[in-house]
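Me: Got a model to go through. Can you walk me through the fold, the pocket and the surface?
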Amino acid sequence: MSEFESPDTGWPRPPSALPHGWLDRPPNGARVTVAGLVLLRQRPGTAKGVVFLTLEDETGVCNVIVWRAMYERFRRAVIAGRCLRVTGRLQRDSGVCHILADEIEDISWMLDDLVRVEATAAGE
C-alpha cells in the first residue's frame, strides 16, 4: 500500500488524482481528488449560486458540483483556471457520478511546464 492509499479502502486519496476512468471504483461517498482541463463552466440562474464544472483528463470526463460557499472561497480558480485539481466527495446516483467540491486548486501552470517538456523532447 502506498502513502496515498486509504488504509480502510485501498483507494487513492489526496493529493493523488484519480483518473476519471476509475471513478466507478471507489465507494459512494469516498473522498477523492481529480484533475483535468476545464471543458465547461455552468452557473444557471435557477441553481442559486451553484456552479457546475466539467473536467477532462486522458481517461474521460468528470462532473464537479461547486456549492455557493465553495465558489466564494475558490472563486478565482473556478473562474480563471484552465486546469483544476478538485478534492471532494464522490456522489453516485442513477448511474451519474459527481464530485462535490471541498477544495479547488488552479494547476494551470502545469500546462506551461508540459509544453516546455515536449518542446525540449522535440529538440526545439
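Predicted model: local features only at pLDDT ≥ 70, side-chain atom pairs only at ≥ 80, totals over all residues.

Reply: Residues are numbered from 1 along each chain as its sequence is written, and side-chain values use heavy atoms, with hydrogens and water left out.

Me: What's the secondary structure of the protein chain?

Reply: Three helices and five strands. Those are DSSP runs: H or I of at least four residues, E of at least two, numbered from the N terminus. The order along the sequence is β-β-β-α-α-β-β-α.

Me: How much space lies in the largest pocket?

Reply: About 200 Å³. A pocket is an open set of points on a 1 Å grid where a 1.4 Å probe fits, with protein on both sides within 12 Å along at least five of seven lines; lining residues have an atom within 4 Å of a point.

Me: Which strand gives the largest share of its lining?

Reply: β1, with three residues. Both β1 and β2 (51-57) supply at least two. Lining residues include A35, G36, L37, E56, D57 and C83.

Me: And how does the lining divide by residue type?

Reply: Seven nonpolar, one polar, three charged. Gly counts as polar here, Cys and Pro as nonpolar.

Me: New topic. Is L40 buried, partly exposed or exposed, and why?

Reply: L40 counts as partly exposed because its relative accessibility is 38%; the class lies between buried (under 20%) and exposed (over 50%), with a 1.4 Å probe and protein chains only. L40 lies in strand β1 (residues 31-42).

How values were computed:
Points joined across faces, edges and corners; volume = space filled by probe spheres on them.
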